Amino acid sequence: MIRVFGHYFSRAVLGLALLETIVLLGAIYGAQYLRLSFAGLSDHSLEDPTIEYLVFIVTIQSVMLVLGLYQRDTCRNLRRTMVTLTAAFALSALILALIFFLYPRVAIWRSIFVSGVVLGFSAIVLLRAVFLGILDLDVFKRRLLVLGAGKLASRILEIQEAERSRGFHSVVFVRMAQEQVAVGPDQMRYRDEIGSLRDFAVSQQIDEIVTAMEERRGSLPVRDLLDCRLAGIRITDYAAFMERETGKVDLHGFLPSWLIYSEGSTGGQLRLFIKRGIDLLASAVLVTLTMPVTIVAALLIRLTSPGPVFFRQDRVGQHGRVFRLYKFRSMRTDAEAGGPKWASTNDPRITGVGRVIRKLRIDELPQIFNVLKGDMSFVGPRPELPYFVEELSRELPYFAERHTVRPGITGWAQVNYPYGASVEDARQKLQYDLYYIKNFSVVLDILILIKTVRVILFPSGAR
C-alpha cells in the first residue's frame, strides 16, 4: 500500500493503472501503424496525433475509474472485471465518438479509432486475466507474522480468508502472555514459542510484523521488535494495519489517541478553505445543470401523491448543531406518525415516485441548498436525526466524533457500505466515517465523488 494525502492506495492497482496506460498507448499507435501499412502510407501522412491519442487514453481510463475497475474488489473478481470492462469500452467508444463529432480537431481516423478500441480491449482483458492470476499466488504476497493469537489476531485471519487475493499471507500467529487463542484450533497456525523473533522472522522471510496483542503492558517485546525493524522488517500496529487493509477504523482496536494525533480531523485552514470553495462552486454548477430534473421530479411528486413536494427534517450537523435538511418527499405524509424509524427493504411508506427517485438519488438534490447555506458539504458523514444520534451515542463509542466535521450528501461510508437500518449497520458505517475524519483530504473527497458517480450509475442499497 502507498499512502497519498493520508489515504491508502494499493501498489498493485496503481501499477496496473500504469501498465494499462502503456497498453492503451501501444494499442492506438499499433492501430495507426496497421492502418497506414495497409494503405501504403508513412507516419508523415498524419499530423502529430499526440493530443488526439491523449484524449483517447484519458477518456477510456476515466470511464474505467468511474465504473470501479480500479477498485480492489473489482480487480479481484475475473467475471465482474470482464463484464465491467466490456461496459467501460462500449461507453468509452460512445463518449469518444461524441467528442470527435463535437470537436473535429481532436478526431482520430475512424479506422484507427475502431482498431485502437478493439486492440486496447483485447490487450487489457489479457492483462487483467494475468494480473488476477498473479494476485492469487502467495509468492507475490507480503508474508505476515502476527504477534498475538486472540480476538484481534482472529480479525486479521477473517479478512484474509474472506478475500484470498488480499496482498498479504499470514505465515504464523505468535501467542503472547498466555492469551486465549481465537485464531482456530489448528495449532500449526499459531505458536507459543519461537525463540529469537528476529531470527525466526528472517528464516521465514517475513515482510511485516503486526502487533495484535489483547494486552500490551508487559508483553510487547520492544527490543525484539527494534531488532526486526533494523533488519528491514516492517512493524505495524494492529489498528494501522486494519485501517490500511480495510479502508475503515476497526473499533475493536481503536484508541482515542489515534484520532487525537491524526492530521485529518482538523484538516488545516487551507484544506478547509479549498473544500468550502469547491462546495460553493460545485453547488452553483449543479443547481443549474439539475434544474430540469428538479422541475420534473417536483411535478411528479405533486401529481402522484398528496402533500408537500419537499421533505424538511431536523438533522444533527457539525459540533452537534441541529439544522433543517431538505429532500424531495419520497414517503407518505404520515410516514413518521408513530415516531422516527429507519427505512426498510420494500418499505410500504415509500410512494411509487419516491421509490424511483431514491434509487436514482434524485431525492437528495435539494440538499445542494444545505451545502450553499453551509450546513453541509458535498462529502462527509451523513447527518442523522437527533433521536437516532441520542440512541446511537449510547450504543456506539465515539459516535459523537462524527460531528467534528460538516455532514455530507455523500461520504466514505455511503460509497463503501450499503444502506444501514440497524445499530450494527450504524457501527459498520461509523468505522468508515472515523476513517474519513482521520484521513480527511481534498484528494479523498475527489475519490469519494468518483465512487459516488459509480453508485448512481449502478444503484444498489438505496431505500
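Phe 121 counts as partly exposed, because its relative accessibility is 25%. The model is predicted.

**Aromatic pairs**

The structure contains eight aromatic pairs. In one of them, the rings of Phe 89 and Phe 121 are edge-to-face, because their planes meet at 70°, and angles over 60 degrees count as edge-to-face. This pair joins distant parts of the chain, 32 residues apart. Phe 89 belongs to helix α4 (residues 78-102), and Phe 121 to helix α5 (residues 110-135). Phe 89 counts as buried, because its relative accessibility is 4%, under the 20% cut-off.

Phe 100 and Phe 113 also form an edge-to-face pair. Phe 100 sits in helix α4 and Phe 113 in helix α5, so this pair ties together parts 13 residues apart in sequence. Phe 100 and Phe 113 are both buried.

| Pair | Centre to centre | Angle between planes |
|---|---|---|
| Phe 89 and Phe 121 | 5.4 Å | 70° |
| Phe 100 and Phe 113 | 5.4 Å | 85° |

**A charge over a ring**

Arg 128 lies over the face of Tyr 70. The distance to the ring centre is 5.3 Å.

Leu 34 lies in helix α1. Leu 34 counts as partly exposed, because its relative accessibility is 39%.

Note on methods. Residues numbered from 1 in each chain as written. Predicted model: local features only at pLDDT ≥ 70, side-chain atom pairs only at ≥ 80, totals over all residues. Heavy atoms only, no water. Helix = DSSP H or I, 4+ residues; strand = E, 2+ residues; numbered from the N terminus. Buried < 20%, exposed > 50% of the residue type's maximum accessible area, 1.4 Å probe, protein only. Phe/Tyr/Trp six-rings, centres within 6.5 Å; stacked < 30°, edge-to-face > 60°. Lys NZ or Arg CZ within 6 Å of the ring centre and 35° of its normal.
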